Amino acid sequence: MANKKNVFEKAFNDRFDEDYKILSDFYCSLYGNKKKTFNELIKIIKGAYKDRKDALKSSDVERTKEQDWFLSEKMIAATLYVDLFADNIKGLKEKINYLKDLGVNYIHFLPVLKTREGKDDGGYAVSSFVEINPKLGTMAEFEDLLDKMREEGMVACVDFVMNHTAKEHEWAKRAWNGEKEYQDMYYMYDSYDIPAEFEKALPEIFPDLAPGNFSYYDEIGKWVFTTFNEYQWDLNYKNPATLNRIVKDLLFLINKGVDVIRLDAVRHIWKEIGTDCSSLPQCNTIVSILKTAVDMVCPGVIFIGEAITNSKYVIEYFGTRYSGCQMMYNVSLMTSLWNSLATRDARYMALCLENTPEIPKGVCWNNYIRCHDDIAYVLEPDEVKKLGFDPFWHEQFLISFYKGDFPGSFSKGAYYAYNETTKNARISGTLASLCGLERALHEDSKADIELSIRRINLLYAVMLAFDGIPLIYSGDEIATLNDYSYKGNSEKSNDSRWLHRTKFDWNRAENKHNMTTPEGAVFQHLKKLINVRKQYPFFRSGLHLKPFDTVSSHVFGGFKKDGDSSFILVANFSEHYVEIDQQSIRNTGFCGSFRDILSDLELNLDIGRLHLKPYQFLWLANTNK
Ligand code: OTU
């Protein structure tokens, strides 16, 4: 044991020495030579290492040997609300086998920390970073769950809402009570002068729910920066004391056994007058300070950044072992998938793929069709223009299509954050309802039910063919429909995201083996995709899918080459039969015999044309596996 401890100690000291200068450079670039707060930070880091339990130190050593553990093709993630999925943490522990059966080995827990009473923005109004939400259980129970997950080789990702705290957080309460030290942790002003300057260039994130970016409190005579809801006070990272306190709480949480930290709303954490306060370079420096601290204490723990914006900004957040994020939401793929389905035109997806700069080695995308939030159609205006569409009107089309208003739309969704002035909106709704199942069931149309299932299957098949970690939004795997009951709950009624934040329907899940039900058909298909994906190393991160021209706008084509193995994805985004000339595949250099690794059917690329059924896709491989 003593020996083992020495190994840990030495490893820590080595990392500490290696990272010290990096940390101090990042810190000085932001705060100048602030010795006192920097020394405090070092103390926090050393303290956190001391508190880290041996079981975790041991897995740290393993992870250092295998830095890219998260890049494996075997990683499959699910994102869920503990209470919606299994009532509480204890319940979740009992239900883990359901996720394992699907093939999931990575769980992203949506906020589990203590939040304010009443409205809490789905857990994103945190009142204590060191306590578990009592409605879900205790920290001891959570730690126990993480231990179990680690034993079973599962990865745990936890949300860390660092842009703001609830106004009921102890720091905010002390600020409210007039303690200057705590007021300095937030953006608080006596008059509207500075807020007015900020507002000149600031957009609104929740224009209908929480207009403006500042809130005024008569009782204390202060304006407070509140990007999101009034009860979420933005933290001021210009003050190094704020950062130190956040590092301390972050390391505390990680020390419970967390593998991945989701940095919520990361593009908002630095603010400057005269800018839109989004994705300023300092955001990245803050993240890098956090990452270096994490690397010292617990190497192997990675960050996923949430920045739902254009890819040129998203890309900037990618870092290395001791800087930036190791995973980012693949906003471009998400938007492309929905765009292709609505337009029956896959050209935009191919263009985006071609023009997104390559991501650095050693990091990966978090691929998703939807998550717990609304869907923002983040189109790349230049690519849209290349196809001859007007970016504004094309976005309006998508919004109207997925809300279900556009003539002929199969979808049923709801506006989120509709902006009267700009006409911009995002869309809420479950995967199944947005893909047409709700409407088809309502109209009792067997043919449309079938088509909607095919759409869901197609989106999953395309997403899982991409490199990166696929993320499944819990409930979507059993084709859960929109739940309108939130409208009757005064704490939720004005936030349409509750339309798809439904209580997990375990009765529905009972049908997961019954292929004659939509839930069974979707679950079994996804399970198959996952299972097949795990068997082929060409699905690992870092091996990108390259688009090729199928000469049909309806059909997306992509390929990868991995030594002697080749993979080709062909996906028909239309509800019609489409025929493509196999010459288009041969043009990329492929010929001869290929096998669809999903259906095991053989295909000879040298003869004939390829006939695709409505929404059909093929995962073609030349390997003998
Ligand atoms: C995130 O999302 C969370 O995912 C949301 O659930 C929270 O409500 C929010 O932060 C506040 O904590 O506005 O509708 O530009 O990119 O950060 C989703 C902001 C959101 C968004 C995103 C935000």
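In which order do the three strands of the open sheet stand?

## Basis of the model

This is a predicted model, in which local features need pLDDT of at least 70, side-chain atom pairs count only at pLDDT 80 or more, and totals for chains, interfaces and linings use all residues. Residues are numbered from 1 along each chain as its sequence is written, and side-chain values use heavy atoms, leaving out hydrogens and water.

## The open sheet

The order of the three strands is 7-9-8, with antiparallel pairing. Strands are DSSP runs of E with at least two residues, and helices are runs of H or I with at least four, numbered from the N terminus; two strands pair if DSSP finds at least two bridges between them. Strand 7 (188-189) and strand 8 (214-217) each have a single partner strand, so one side of each lacks a neighbour in the sheet.

Strand 8 is joined to strand 9 (residues 222-225) by four bridges. Ser 215 has Val 224 of strand 9 as its bridge partner.

## The setting of Asn 482

Asn 482 lies in the loop between strand 17 (469-473) and helix 20 (506-509). Asn 482 counts as buried because its relative accessibility is 9%, buried meaning under 20% relative accessible area, exposed over 50% and partly exposed in between (1.4 Å probe, protein chains only).

Residues in contact with Asn 482 (heavy atoms within 4.5 Å) include Lys 412, Gly 429 and Glu 438, not counting residues up to four places away in sequence. The side chain of Asn 482 also reaches the backbone nitrogen of Thr 430 at 2.8 Å.

Methods
A polar contact is a pair of N or O atoms within 3.5 Å; within protein, one must be able to donate a hydrogen and the other to accept it, and residues adjacent in sequence count only if both atoms are side-chain atoms.
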